[in-house]
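Biologist: I've got this model open and I'd like to learn how to read it. Can you walk me through a helix, a core and a surface patch?

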Amino acid sequence: MKKFIGEFKAFILRGNVLDLAVAVVVGAAFVAVVNSFANGVLMNFVAAIFGQPSFDSIVWHLGDGNILIGQFLTSVVNFLVVAFAIFLVVKGVSTLQERRKRGQLAEDEIPAPSDEAVLLSEIRDLLRQQQGS
């Protein structure tokens, strides 16, 4: 049992699993924000144009059944808004990475090194000086 728990602990603490967990949590929060925009802002424009805040009232009556076309259209609109927002984020990050690779980021866009990084650089330089002497 201890071996099983140890293997599970090693699995959970691997970088990929933690990265995936963070991505899922951030993604869920991002989707909530985008859905809020879609439902609170975009669909209110739909209400201004069509008189109702969503397409949910569009129903096709077929015999004794109802085909809820409006709910499907509302879901499609929400999906497109989320997909477009994710596209913009991925495209922006990709563009920044390309610019950083080519060295085109301005000095004010590159974050200043942390105090720890400066201290480690000084220690490295001092060690090099001592080895060179």
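Modeller: One term before we start: helices here are DSSP runs of H or I, at least four residues, numbered from the N terminus. Keep in mind that this is a predicted model. Just after α3, G103 takes a positive phi of about 75°.

Biologist: How many residues does α3 have, and what should they span?

Modeller: Count 1.5 Å a residue: the 34 residues of α3 should span 50 Å, and the end C-alpha atoms are 49 Å apart, which agrees.

Biologist: Which residues of α3 are buried?

Modeller: An α-helix has 3.6 residues a turn, so residues three or four places apart point the same way. In α3, the buried ones are G70, T74, N78, V81, V82 and A85.

Biologist: What makes up the largest nonpolar core?

Modeller: In soluble globular proteins, nonpolar side chains tend to be buried together. Here the core has five residues: V34, A38, V81, V82 and A85. Both α2 and α3 give two or more residues to this core, with the largest share, three residues, coming from α3. Leaving out residues up to four places away in sequence, A85 touches F30 and V34.

Biologist: And F72, is that buried or exposed?

Modeller: Exposed means over 50% relative accessible area, so F72 in this model, at 55%, counts as exposed. F72 sits in α3 and belongs to a nonpolar surface patch of about 630 Å², together with I58, W60, L62, I67, I69 and L73. Two or more patch residues come from each of β1 and α3, and α3 gives the most, three.

Methods
Residues numbered from 1 in each chain as written. Predicted model: local features only at pLDDT ≥ 70, side-chain atom pairs only at ≥ 80, totals over all residues. Heavy atoms only, no water. Patch = residues over 30% accessible without salt bridge, like charges linked within 9 Å, V, L, I, M, F, W, Y side chains within 5 Å. Areas by Shrake-Rupley, 256 points an atom, 1.4 Å probe, with all protein chains shown as cover. Salt bridge = Lys/Arg side-chain N within 4 Å of Asp/Glu carboxyl O. Buried < 20%, exposed > 50% of the residue type's maximum accessible area, 1.4 Å probe, protein only. Core = buried A, V, L, I, M, F, W, Y, C linked by side-chain atoms within 4.5 Å. Contact = heavy atoms within 4.5 Å. Expected span 1.5 Å × (residues − 1).
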